[in-house]
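Reader: I have a structure open and would like to go through it. Can we take it piece by piece?

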Amino acid sequence: MKKKMTNKLDEMQEQKMLKIEHNGCWVAFWGLLAVLIIQLIIYGYGGDSWRYMAGEWLVFMCLALYMTIDCLRNGVWDRRLSPTPTVNVCASVIAGVVVCAVNFAASYRKYHTPVGAAAAGFFMGIVTFVLCFAALTWCTSLYKKRVNRLEQEGEEKDE
């Protein structure tokens, strides 16, 4: 038979452990993103570059998908940001600008043409903005549906 592991932490220690795990998760998330960006700038596009980044990309995407799906499933959005179109636009603009800058740097490093690198960066920034905004809008609608369903289940239990 399997023996159940008991928690040896008191409430204060449990809260500290949750905070440590929370911070560790976000350090891993943003660290992986930074590593991917640096590798993209160093190795550029095409050829063997994706082979060098595949492991980091896989871990980053698994972490991002897990956090997104579990937050939506539990009706949690964010501590500071609200699920509004304005926040979605701002987040999408930030993502687009970052992708634009990274693509400009990677393209310029590979081809050494500023106009072509700027065009490539701008195009990828626009595409990223559109895709990010669409994904955030979709997640916002899923979040609102889930919150409504959880509230209805809570009201049914109260009655």
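Reader: Which residues of helix 2 are buried?

Author: The buried residues of helix 2 are Ser-49, Met-53, Phe-60, Leu-63, Ala-64, Met-67, Asp-70 and Leu-72. Buried means under 20% relative accessible area, exposed means over 50%, and partly exposed is in between, with a 1.4 Å probe and protein chains only. This is a predicted model, where local features need pLDDT of at least 70, side-chain atom pairs count only at pLDDT 80 or more, and totals for chains, interfaces and linings use all residues. Residues are numbered from 1 along each chain as its sequence is written, and side-chain values use heavy atoms, with hydrogens and water left out.

Reader: And what counts as a helix here?

Author: Helices are DSSP runs of H or I with at least four residues, strands are runs of E with at least two, and both are numbered from the N terminus.

Reader: How many helices and strands are there in the chain?

Author: The chain has four helices and zero strands. Its pattern along the sequence is α-α-α-α.

Reader: Back to helix 2. Where is its kink centred?

Author: The kink in helix 2 is centred on Gly-55 and comes to about 40°. The bend at a residue is the angle between axes fitted to the seven residues ending there and the seven starting there.

Reader: What comes just after helix 2?

Author: Gly-75, which takes a positive phi of about 70°. Just after helix 3, His-112 also has a positive phi, of about 60°.

Reader: New topic. How many aromatic pairs are there in the whole structure?

Author: A search finds seven. Rings of Phe, Tyr and Trp (its six-membered ring) pair if their centres lie within 6.5 Å; planes under 30 degrees apart count as stacked, over 60 as edge-to-face and the rest as tilted. Phe-129 and Phe-133 have ring centres 6.2 Å apart and planes at 10°, so they are stacked.

Reader: How many residues apart are Phe-129 and Phe-133 in helix 4?

Author: They are four residues apart in helix 4 (residues 114-158), which means a separation of about one helical turn. An α-helix has 3.6 residues a turn, so residues three or four places apart point the same way.

Reader: What does Phe-129 count as, by accessibility?

Author: Phe-129 counts as partly exposed, at 27% relative accessibility. Phe-133 is partly exposed as well, at 28%.

Reader: Which residues do ring pairs link into a cluster?

Author: Trp-26, Phe-29, Trp-30 and Phe-60. Phe-60 is also one of the buried residues of helix 2.
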